[in-house]
Amino acid sequence: MRNIDGTVNLIRGPRFLNHAAGGECVKIVVETGDIARWEDEVIVVNLFEGVDHPGGATGAVDTALGHQITAMIATRDVSGAFKDVIVFPTFDRIPANRVM
């Protein structure tokens with residue numbers, strides 16, 4: 001979901017640990033910014049089945065990548081189906097190394 005000013009809340013923190021299995025609690029920090037400018041190993045965006053042109057954070061990343069997500073939808077390389085996961089490189093078009 002985008003904020004009124006068009007930015008997106010980004011959640012950054014340590015990996016999730018299973019507290020019930022004796023793991024530690026997780027500290028989550030919410031930051032506001034442009035996910036397409038986020039510098040990290042991987043960024044995670046969503047895509048729902050039936051969406052031809054992604055919007056929101058996914059749309060921002062798609063635009064920054066020259067509409068590669070839209071192209072993968074058109075060629076049916078990605079569908080957004082339940083439990084469908086795809087990871088692909090950004091080839092330095094954005095600061096993150098991969099998109100999931």
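Select Asp 92 first, in the loop between β4 and β5. Is this residue buried or exposed? Asp 92 counts as exposed because its relative accessibility is 71%, and the cut-off for that class is over 50%. Its backbone also deserves attention: Asp 92 is not a glycine, yet its phi is positive, about 60 degrees. Most residues other than glycine have a negative phi. Please keep in mind throughout this tour that the model is predicted.

**The whole chain**

Now display the whole chain as a cartoon. The chain contains two helices and five strands. In which order do the elements run from the N terminus on? The order is β-β-β-α-α-β-β. Of the 100 residues of the chain, 26% count as buried.

Next, colour the chain by confidence. The average pLDDT of the chain is 83, and 71% of the residues score at least 70. Where is confidence lowest, and where is it highest? Strand β1, residues 8-12, has the lowest confidence, with a mean of 54, while α2 has the highest, at 97.

**Helix α1 and what follows**

Select residues 56-64, which form helix α1. The buried residues of this helix are Thr 58, Gly 59, Ala 60, Val 61 and Asp 62. Show the neighbouring elements as well: the buried residues of α1 pack against β3 (42-43), α2 (68-74) and β5 (98-99).

Within this helix, select Asp 62. Asp 62 counts as buried because its relative accessibility is 2%, whereas the limit for a buried residue is under 20%. Which residues does Asp 62 touch, leaving aside those up to four places away in sequence? They are Pro 54, His 67, Gln 68, Ile 69 and Thr 70. To place Asp 62 relative to another part of the chain, draw a line from its C-alpha atom to that of Val 45; the two residues are 17 apart along the chain, and these atoms are separated by 9.9 Å.

Proceed to Leu 65, in the loop between α1 and α2. Leu 65 is buried, with a relative accessible area of 2%. Its contacts, not counting residues up to four places away in sequence, are Phe 88, Thr 90, Arg 93, Ile 94 and Val 99. Then select Gly 66, which follows α1 and has a positive phi, near 70 degrees.

**The largest nonpolar core**

Show the side chains of Ile 43, Val 61, Leu 65, Ile 69, Phe 88, Ile 94 and Val 99. These belong to the largest nonpolar core, which has 14 residues, and they touch the most other members. Which element gives the largest share of this core? That element is α2, with three residues.

Centre the view on Val 99. Beyond residues up to four places away in sequence, Val 99 touches Val 42, Ile 43, Val 45, Val 61, Leu 65, Ile 86, Val 87, Phe 88, Thr 90 and Ile 94.

**The loop between α2 and β4**

Two residues of this loop may be compared. Gly 80 is found in the loop between α2 and β4, and Lys 83 lies in that loop too. Gly 80 is buried, with a relative accessible area of 14%, whereas Lys 83 counts as exposed, at 73% relative accessibility. Gly 80 touches Leu 47, Phe 48 and Glu 49, not counting residues up to four places away in sequence. From C-alpha to C-alpha, Gly 80 and Gly 50 are 7.3 Å apart in space, and 30 residues apart in sequence. Lys 83, a residue other than glycine, has a positive phi, near 70 degrees.

**The second largest pocket**

For the last stop, display the surface around the second largest pocket, which holds about 290 Å³ of space. Of its 19 lining residues, select the closest to the centre: Val 45, Asn 46, Leu 47, Asp 84 and Met 100. What kinds of residue form the lining? There are 14 nonpolar, three polar and two charged residues.

Key:
Residues are numbered from 1 along each chain as its sequence is written. This is a predicted model: local features need pLDDT of at least 70, side-chain atom pairs count only at pLDDT 80 or more; totals for chains, interfaces and linings use all residues. Side-chain values use heavy atoms; hydrogens and water are left out. Buried means under 20% relative accessible area, exposed over 50%, partly exposed in between (1.4 Å probe, protein chains only). Helices (H or I, at least four residues) and strands (E, at least two) are DSSP runs, numbered from the N terminus. Contact means heavy atoms within 4.5 Å. pLDDT is the predictor's confidence in each residue, from 0 to 100. On a 1 Å grid over the protein atoms alone, a cavity is a set of points where a 1.4 Å probe fits but cannot get out, and a pocket is an open set with protein on both sides within 12 Å along at least five of seven lines; lining residues have an atom within 4 Å of a point. Grid points are joined across faces, edges and corners, and a volume is the space filled by probe spheres set on the points. Ala, Val, Leu, Ile, Met, Phe, Trp, Tyr, Cys and Pro count as nonpolar, Asp, Glu, Lys and Arg as charged, and the others, Gly among them, as polar. A nonpolar core is a set of buried Ala, Val, Leu, Ile, Met, Phe, Trp, Tyr and Cys residues joined through side-chain atoms within 4.5 Å.
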